[in-house]
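The following note is meant to be read beside the sequence and the structure. Please keep both in view while working through the numbered points.

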Amino acid sequence: MLWKHYHTPSTVQEALELLRSYQGRARVVAGGTDLLLDIRFGNVQAPEALIDITRIDKLHQLEADETVLYVGAGVTHAQIARSELVRSRAACLAEGCGVVGGPQVRNVATLGGNVAHALPAADGTTALTALDAEAEVVLDGERQWLPLRELYQGPGQSLLDHGRDLLLRFRVPLCGANEGSAFSRIMRPQGVALPILGGAAWVRLDESGAHYQDVRVCIGPVAKTPTRATAVEEVLRGQLVDDSALERAVSVALETLHPRTSKYRATKAYRREMIAVILRRILPRAVQRARSSAAVPQVRA
Amino acid sequence: MSKLQLTVNGKSYEVDVPESRMLAEVLRQDLGLTGTKIGCEEAECGLCTVLVNGTPVTSCVYPAFRAQGAEIVTIEGLSEPAPAAEADPMTELKLHPLQKAFIEHGAVQCGFCTPGVIMTAKALLDEDPNPDEDAIKAALKDTLCRCTGYNSIINAVKSAASELRGEGPIPWGGVDAQLPPLKVVGHSVPPQEVVDKVTGHAKYADDYVFEGMLFGRTLRAAYPHARIKRIDTSKANALPGVHAVLTHEDIPGDNIHGLIYDDWPVLAAEKVRYMGDPVAIVAADTEEIAAEALGLIEVDYEPLPVVSGPLQAAQPDAPIVHEEWKGGNLLKHIKVRHGDIERGFAEADVIVEREYHTPTTDHAFMEPECSLAVPAGYDAEHPKLTVYVGSQIPYEDRRQIARALALPEDQVRVRGTLIGGGFGGKEDIAGQIHAALLAQATGRPVKMRYTRQESLLFHPKRHATVIRVKAGATRDGQLTAVQAELYGDGGAYASLSDKVMTRATTHATGPYAVPNAKVDCYVMYTNNPPSGAFRGFGVTQSAFAVEQTMDILAQELGIDPVDFRRDNALRVGATTVTGQVLRESVGLLETIKRVARDMNRGDPESFLWGWREGNKAYGWGFACAYKNTGLGGGAPDRATAEVEVFPNSTAEVRISSADMGQGLSVVLAQVAAEELGLPPERVHVLLSDTDLTPDGGPTTASRQTYMSGNAARYAADAVRQALATVAAEHLGVAPDALVFAEGQVRANGSAVPLGQVVEWMRAQGQDAKVRYTYDAPKTQPLGTGGDMHFAFSFATQAAFVEVDLETGEVRVLRIIAASDVGRAINPKMLEGQVEGGIVMGMGNCLTEEFIMEEGVPWSTFLARYRVPHITQTPKITSHIVESPTAEGPFGAKGVGELTSINPSPAIANAVYHATGVRVYRIPIDQDALLRAIKGGKKEVHATWHDVK
């Protein structure tokens, strides 16, 4: 059986009131590209009502000030991938969102839904993690900002109660001078179209562009939730940007990251090879973007 | 129920519908706009794409109430009624440039994906008036087409973009057929249904609706192998809205069906033998109620040990799938014996022996099965039980329905609808009998539409095989012997296993003159989905094995693989391993020549088979193939067609043969038009109605151009002769002096319309109508020597691949193909068959595998069974070789399956030349390939199936 009611509230307040009135028998839906299929195929029990948040004006906007990007929970992958601002100043997010599904899915699927579904290695969340994003939520009635990782309790397990709580938006620091980011993933042409391995990197170079000042890297799936490769970041900080630093990062990654074999996806051995491949693809690209960041266009807030 | 307001194609609608409706359901069911198709309900195939406020979305997973107040554009909104001057001559409509371009470029075959592809392309062109090839591929990435292979779609989108920019459309590029065209034959005439297919007006089975119609659903087995102890339907029967719940006890006739062997119960009685076995069927007011009722049916099972593969099935202690079958789990042992195998290997200087594995694969035709039955006497149009279905064998459906319902065959009418792809997967019974049973039980029309998931679960697949090939040759490159052993997974029921695996066996030595051969094939019953017909019909599997073995042997001998094949290729005068002397129409050498010339650019000396550049390896691979036309093997092969000419100088061809997108209707129109001297657009073709059209036989074995083509041709010829006799009398000339051309009968400088002669004939009390039965040349059963088949088609292909040495990813960049088809009757449709076959063959090698775990299918979602999409499609160069066969219509022989056979071995050979690693198991696994490259290993025997 499918849901009986489908609500399209136009304000956050209205959405929260609807959720309250159903007392847990309703569920929030954004793009629905995962949830509606889960309901159809019986993986998720159909709620009595669906509360569609994509018509809430505030939630489908991409906004920015000088240094921070706000991504509404109802913003689609297509909006993000297309945004000039995201492409230039949060490039890995545009790259990650740009490869999810095909155009029809990206036109509907939201970054918010992606995070709410708590998949450990969704392309968008890998990018958000490397960008050190935070999420604004209404958690048990309380509106608050949380680091992204706190929303993840395990594979498919979100901190949010989808019959009660709302994910409102993400706050993503924009890349400024000497900062850049990049995303890459490895797919296979058979079976489910999820990445065998995906990775995103963010770097800040010193003013000369010669040294890594700060680095954030997220590669997954290597854990039950999106996880920063802190040892890799550590080994790069303060180092000269060159091949030997990159190769040190690769060997630290291979020592500290432990991907698993997963059925019909990839062997552990293959995933280890891909850790190296991805790092060698994303780090130089992030560096190159950091060095050319002078060209980043003016933010129109 | 709630009010939903939408503007669709500029028209405002308000409907009262449940809030759980998806947009596609509202469009199709509530607004009757059936141009929007449903292919998967998983947001995987893109067929249901419509524009919501200008944005393309998959409407089957888009909640209708999210679109409240929105502007929707569907395929029906692209064309518009036009003033006569601007209207398409085939319709009253002014077509959108995309619609025109899809017709011009042959980008329409079965037509089921066409609305979704066109709508997705429209969204692209709205945003980007001049998209390059990459932009087109990115936009259409998730909109699948299983027929065309995508190249024609890319060309059509470019052409439409050009026209929309005001730069005029880009004409179709043509093919290099050699024979001069006749008046009609040899020209690319558009098929009669093509305008309906691009405008969304084409009707497939699920698009038919009848007053009072109920919806049927099927309860499938809960175990792959189990005894049924008890079935209780009382709770399901009591559910409001349920009209019938039927089990095996409710079948009036024989509870059995099957195309060759009667071994498949209509509804499972004592046992279930695979997860797709039907146990009970329900008819209810809605699909939702029917689905709910299924959950209320109680079945007690006693699970039995599972036979999960053909090798296990052959073990002496294996559980038995069919206790009543005399052979245990052995469905058939097929043998080829030719010459003296011992002597052949004794004469060989080099002998190689290898083992190959090919997977179970699914047709994934874009239209899931749908049957709609109307009970006898329901209304004036249905005096007898009538089943609407897109079937490859309408008369077999009729026979099997009648048998299960205990009706005389003439009390059942099967009316063929358009078919959204078949590829062999719509030969067996799907819901035809079930829908008929429910219609008779309820006295109301019943539609049985399978979901994609049910389709994947239930219908027969391509046989998984294990093939061991041993081949020997002399130092100078002459093949002396080929020995092969094949194990085929026949699944739970016989379907066409016998014939399919016979073809795998007889073609297992490749299209070569092999003096000594011994092939043994064992087809086994298992608890997997039944295996049956699938384009290539067994040859796809054995070609993968033998064509790699030929490369290995050539390499051991130090001979170029092209030279080795050329030296051993079948040619006129050669004898096949079944003992057939080929007397004519063997174009294999010409296909080898054409492909090799393109591949090495006429410079074999400096040609490289493989090389590396940075992190990429590149390689060419070569493969030859042949495929019989027609049933062969001693089976009587016949087709009957009726041709009638009318007083308005038009004609109709009537035959029950299936056009599943390959273009049979236009082929028949062309051969009849050629004989009658009519323009082809004046010949209508009526297909697949068992009350109105005689039996053309099964649409299988690449036989219809030849068989139905000949039947239509001879029927048309006989009508012309009858008309000539009458015209000669009236015009006072000898019949020989008459010329039939352009819809006229001409003699001595004067002309009368053909229709005038029909009037004269009618005045004499005769209709200008002839029914002709064409019997193919007699063939011999396997093992008796002589002609096992009446014609063979031949193909050579070269694949050019890129292997990423960092990731193991394999991309096919280019395919060069040459296909000997006897005669190109319709070059554009032929090109579509060639390109579509190639991309389907590429899927077989790179993307597709239907996975079972102990009989339980894992691949029951399209998301888990990936077919090639547009971003994977290679550049294809296609040469047509015309080596006519004397008996074929204007020299034509079959092409439907041919070109899907070569790609797998050609790609595998190319991967070897690129990397030095040989892949013995498909689909090629980048994971295992990379580990082999890095580990210095020369062979891969694993596939992603093994990643656990």
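Which residue takes a positive phi just after helix 20 of chain B? The residue is B:G765, with a phi of about 85°. Point 6 returns to this helix.

1. Basis of the note. This is a predicted model, in which local features need pLDDT of at least 70 and side-chain atom pairs count only at pLDDT 80 or more, whereas totals for chains, interfaces and linings use all residues. Residues are numbered from 1 along each chain as its sequence is written, chains are lettered from A and ligands numbered from 1 in the order in which they are written, and side-chain values use heavy atoms, with hydrogens and water left out.

2. Overall form of chain B. The secondary structure of chain B comprises 23 helices and 38 strands; helices (H or I, at least four residues) and strands (E, at least two) are DSSP runs, numbered from the N terminus. The radius of gyration of chain B is 28 Å, close to the 30 Å that the globule rule gives for 948 residues, so chain B is as compact as a globular protein of that length. That radius is taken over C-alpha atoms, and the globule rule is 2.2 Å times the number of residues to the power 0.38. The C-alpha trace of chain B spans about 80 × 75 × 60 Å along its principal axes.

3. Of the 948 residues in chain B, 68% are buried. Buried means under 20% relative accessible area, exposed means over 50%, and partly exposed lies in between (1.4 Å probe, protein chains only). Among contacts (heavy atoms within 4.5 Å) in chain B between residues at least 6 apart in sequence, 77% join residues at least 24 apart.

4. Salt bridge between the chains. Over all chains, the whole structure holds 88 salt bridges, each being a side-chain nitrogen of Lys or Arg within 4 Å of a carboxyl oxygen of Asp or Glu. One of them is formed by the side chains of A:R82 and B:E127, at 3.2 Å from N to O. A:R82 lies in helix 3 (residues 77-82) of chain A and B:E127 in helix 3 (residues 114-127) of chain B, so the pair joins two chains. A:R82 is partly exposed at 48% relative accessibility, while B:E127 is exposed at 57%.

5. Salt bridges within a chain. In chain A, the closest N and O atoms of the salt bridge between A:E84 and A:R87 are 3.5 Å apart. These two residues are 3 residues apart in helix 4 (residues 84-89) of chain A, which means that about one helical turn separates them. In chain B, B:K158 forms a salt bridge with B:E133, with the closest N and O atoms 2.9 Å apart. This pair links distant parts of the chain, 25 residues apart: B:K158 is in helix 5 (residues 151-164) and B:E133 in helix 4 (residues 133-139) of chain B. Both are partly exposed, B:K158 with a relative accessible area of 28% and B:E133 with 33%. A network of salt bridges also links B:E642, B:E644, B:E652, B:R654, B:R762, B:D767 and B:R771.

6. Packing of helix 20 of chain B. This helix (residues 754-763) has as its buried residues B:L754, B:G755, B:V757, B:V758, B:W760 and B:M761. Among the elements that these residues pack against are helix 18 (664-676), helix 19 (704-731) and strand 25 (638-645) of chain B.

7. A buried threonine in chain A. A:T126 is found in helix 8 (residues 123-130) of chain A and is buried, with a relative accessible area of 1%. Beyond its neighbours within four places in sequence, A:T126 is in contact with residues including A:A121, A:F183 and A:C218.

8. Backbone features to check. Most residues other than glycine have a negative phi, and most peptide bonds are trans. A:P221 is in the loop between strand 13 (212-220) and helix 9 (230-236) of chain A. B:S585 is not a glycine but has a positive phi of about 55°, and this residue is buried, with a relative accessible area of 10%. B:N748, also other than glycine, has a positive phi near 50°; B:N748 is exposed, with a relative accessible area of 69%.
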